[in-house]
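Colleague: Could you walk me through this model before I start on my own notes? I would like to take it one topic at a time.

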Amino acid sequence: MADNKALKDHLNTLVATQGVLFTKLHQHHWYVKGNHFFTLHEKFEELYDEANDYFDEFAERLLTIGGKPYSTLQEFIDHSIIEESPYTNEVSQVDMVQSVLDDFDLLVKELYKGIELAGEAEDNVTEDLYIGYKTDLEKHMWMLRAYLG
Ligand SMILES: [Fe+2]
């Protein structure tokens with residue numbers, strides 16, 4: 001197998017990011033308000049369930065290829081590519097959806113880099129995992145943009 005240090009670091013960045021994303025999507029699920037409450041409350045739940053699935057998949061793939069996944073909230077915060085903030089002021093439904101879109105956009109760019117790294121490391125299982133998640137995120141982004149009109 002080719003050298004996979006860069007890929008292991010990349011997987012770990014995604015583990016941290018999924019840890020933060022999971023919590024952020026809960027914040028939206030809990031605090032969303034307005035005429036689309038039922039739709040968005042449910043959509044955010046679907047998205048945090050998916051985020052959790054990939055969180056675990058990435059960590060277990062990292063263990064499988066000889067790495068050590070971050071496993072504390074502090075490490076997730078320190079290494080995530082997305083940022084969280086406390087819910088202090090009311091956020092509109094539109095701004096919440098836009099914030100999910102912004103986070104997914106960052107993730108898609110990170111996955112694009114990861115697909116290249118997995119190719120260089122000749123790790124087609126991780127490459128496939130990344131392509132699968134990127135496919136899912138791009139579809140969500142299309143739907144969320146359609147929702148925003
Ligand atoms: Fe709930």
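This is a predicted model: local features need pLDDT of at least 70, side-chain atom pairs count only at pLDDT 80 or more; totals for chains, interfaces and linings use all residues.

Colleague: Which residues lie nearest the centre of the largest pocket?

Modeller: Those are Q27, H28, S85, P86 and V91, and they belong to a lining of 13 residues. The elements that give two or more residues to that lining are α1, residues 5-31, and α4, and α1 gives the most, with three residues.

Colleague: And what classes of residue are in the lining?

Modeller: By class, the lining of the largest pocket has six polar residues, four nonpolar ones and three charged ones.

Colleague: Changing topic, how many salt bridges are found in the whole structure?

Modeller: The search finds seven, and one of them joins the side chains of K24 and D103, with N to O at 2.8 Å. This pair links distant parts of the chain, since K24 is in helix α1 and D103 is in helix α4, 79 residues apart.

Colleague: Are K24 and D103 buried or exposed?

Modeller: K24 counts as buried because its relative accessibility is 12%, which is under the 20% cut-off, and D103 is buried as well, with a relative accessible area of 7%.

Colleague: What about K113, which residue does it pair with?

Modeller: K113 forms a salt bridge with E110, and their closest N and O atoms are 3.2 Å apart. These two residues are three apart in helix α4, so about one helical turn separates them. K113 is partly exposed at 47%, whereas E110 counts as buried at 11% relative accessibility.

Colleague: Now R61, where does it lie?

Modeller: R61 lies in helix α2, which covers residues 37-64, and it is buried, with a relative accessible area of 15%. Its side chain is joined to that of D123 by a polar contact of 2.9 Å, and, not counting residues up to four places away in sequence, R61 touches L11, D123, V125, T126 and L129.

Colleague: Last one, what does the side chain of S80 reach?

Modeller: The side chain of S80 reaches the backbone oxygen of I82 at 2.7 Å. S80 is found in the loop between α3 and α4, and it counts as buried because its relative accessibility is 15%. Once neighbours within four places in sequence are left aside, S80 is in contact with A16, T17 and V20.

Key:
Residues are numbered from 1 along each chain as its sequence is written. Side-chain values use heavy atoms; hydrogens and water are left out. Helices (H or I, at least four residues) and strands (E, at least two) are DSSP runs, numbered from the N terminus. Buried means under 20% relative accessible area, exposed over 50%, partly exposed in between (1.4 Å probe, protein chains only). A polar contact is a pair of N or O atoms within 3.5 Å; within protein, one must be able to donate a hydrogen and the other to accept it, and residues adjacent in sequence count only if both atoms are side-chain atoms. Contact means heavy atoms within 4.5 Å. On a 1 Å grid over the protein atoms alone, a cavity is a set of points where a 1.4 Å probe fits but cannot get out, and a pocket is an open set with protein on both sides within 12 Å along at least five of seven lines; lining residues have an atom within 4 Å of a point. Ala, Val, Leu, Ile, Met, Phe, Trp, Tyr, Cys and Pro count as nonpolar, Asp, Glu, Lys and Arg as charged, and the others, Gly among them, as polar. A salt bridge is a side-chain nitrogen of Lys or Arg within 4 Å of a carboxyl oxygen of Asp or Glu.
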